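Please have the sequence and the 3D view open as you read.

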Amino acid sequence: MATYNNDVSRTFGEYLLIPGLTTKQCIPSNVSLKTPLVKYKNCESSAIELKIPFVSAIMQSVSGPELAIALAQNGGLSFIYTSQPIDTQADMVRKVKKFKAGFVTSDSNLTPEHTLADVVKLVEETNHSTIGVTHDGTPNGKLLGIITNRDYRTEKDPPGLKVKEFMTPFDKLIVGKSGISLSEANQILWENKLNTLPIIDADRHLVYFVFRKDYNNHRTNPDELSDGTKKLLVGAGINTHDYQERVPALVDAGVDVMCIDSSDGYSEWQHDTLQWIKSKYDTPVGGGNVVDAEGFRYLVDAGADFVKVGIGGGSICITREQKGIGRGQATALIDVVQERNKYLKDTGIYIPICSDGSIVHDYHMALALAMGADFLMMGRYFARFDESPSKVMRIGNNYVKEYWGEGSNRAQNWQRYESGESTSLKFEEGVDSYVPYAGTLKDNLSLTLGKIKSTMCSCGCITINELQANAKITLVSSTSIVEGGAHDVILKEQT
């Protein structure tokens, strides 16, 4: 007969945090939101640590390169969506990796014999304002000059004008020599009031560019998530159907971490995908989604570097409605965390847990962390911002952005639903919707993180580890939920 679990399946809105002792050390400026992204041995540290416990969902309407750049600049990480051709997803990863690298390989180059029309076309294709002029038009050819948008005027200069006639020639350039440190290169930029510094080798071949804007970006975003070469970190979603072609392309593009995008991760297809990747690549990969201890253990034994928890709780997800499959997010998270802690005790290996879905209010984020999640994957939250892929629209008197689920027909993402067959979606598990437009990621993120830090201070905690170890959590009744908001008054905005 069927196995019955008679425990009530609960979500975040049914819980509150009870205050702990707020010491004099518990002030927001002392709070650290650093958290591990991938598994590590006890007493060691994770190979990738997020500065903030946020990653963006693997969704067409959320995680494009612009949002990936903005989130990484602020300490989080995006997983570029997988429901697109392999080459375009790889190109998005490259765009993030090349955005800020300190020493940047030039991928916009021409020869002196090219024309202004070629320059305009290249700028339109790449959106780059600096072009290297080399003897053969390659990134590492002999440097003959550079072109910036200050060197030409499209409204007055003829399209056939040769590059050699308006470029800034080599003898007028200030350059750095190969082997120079990034700090030395930045010093040359500042001393000479330059925007761009070409780096050349002993034979005058172009090696890199260093840009003044990268230095300014770093100062503006001190919590950026980057590697040892100052390249921003970026993740990518994969599926269990074309992974043998997709994964090599993403690794070649420089992806830092991958995650299998699936509505149900407790499957042999996901097991096989994890095993294949682990046998061939060192790039970490997460698995999911699961909602209980069995699913967690299955993916970990298959090699998952983190596990994603949550089925049916997203604002645009209708899996529970359509299939009767899922579990309340809080209950699922508590169950998986208990198994994770048991796994740590048995093996000495810590597996980070990602809570995916069911975040309605900012305080739900603090609750999820207190319940044991190491980081949160969110779609609706990020879809509202300027940096998400969809356009701002006006519906009536409201400004909105489109937001659709990967389980909707619009996404055409049948690969996410592991039936073992390559067919179109038979029915939808997601909806097509709008979310209120909210402005820039940075401004909104600052407010949200401020709330989380304040909540942690009220709990007497200044790290996520402390919150997970010491938080006191209570169930609340439906009446007390009502009590928690404004009640028994007439709000001025309604009069």
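## How to read the model

Helices (H or I, at least four residues) and strands (E, at least two) are DSSP runs, numbered from the N terminus. This is a predicted model, where local features need pLDDT of at least 70, side-chain atom pairs count only at pLDDT 80 or more, and totals for chains, interfaces and linings use all residues. Residues are numbered from 1 along each chain as its sequence is written, and side-chain values use heavy atoms, with hydrogens and water left out.

## The largest pocket

A pocket is an open set of points on a 1 Å grid over the protein atoms alone, where a 1.4 Å probe fits, with protein on both sides within 12 Å along at least five of seven lines; lining residues have an atom within 4 Å of a point. The largest pocket holds about 830 Å³ of space, a volume being the space filled by probe spheres set on the points, which are joined across faces, edges and corners.

Its lining has 26 residues, with Thr126, Asn127, His128, Ser129 and Lys213 nearest the centre. Helix 2 gives the most, five residues, while helix 1 (65–73), helix 2 (86–99), strand 13 (206–211) and helix 6 (212–220) each supply at least two.

Strand 12 (residues 196–200) runs antiparallel to strand 13, joined by five bridges, and Pro198 stands opposite Phe209.

Notes. Two strands pair if DSSP finds at least two bridges between them.
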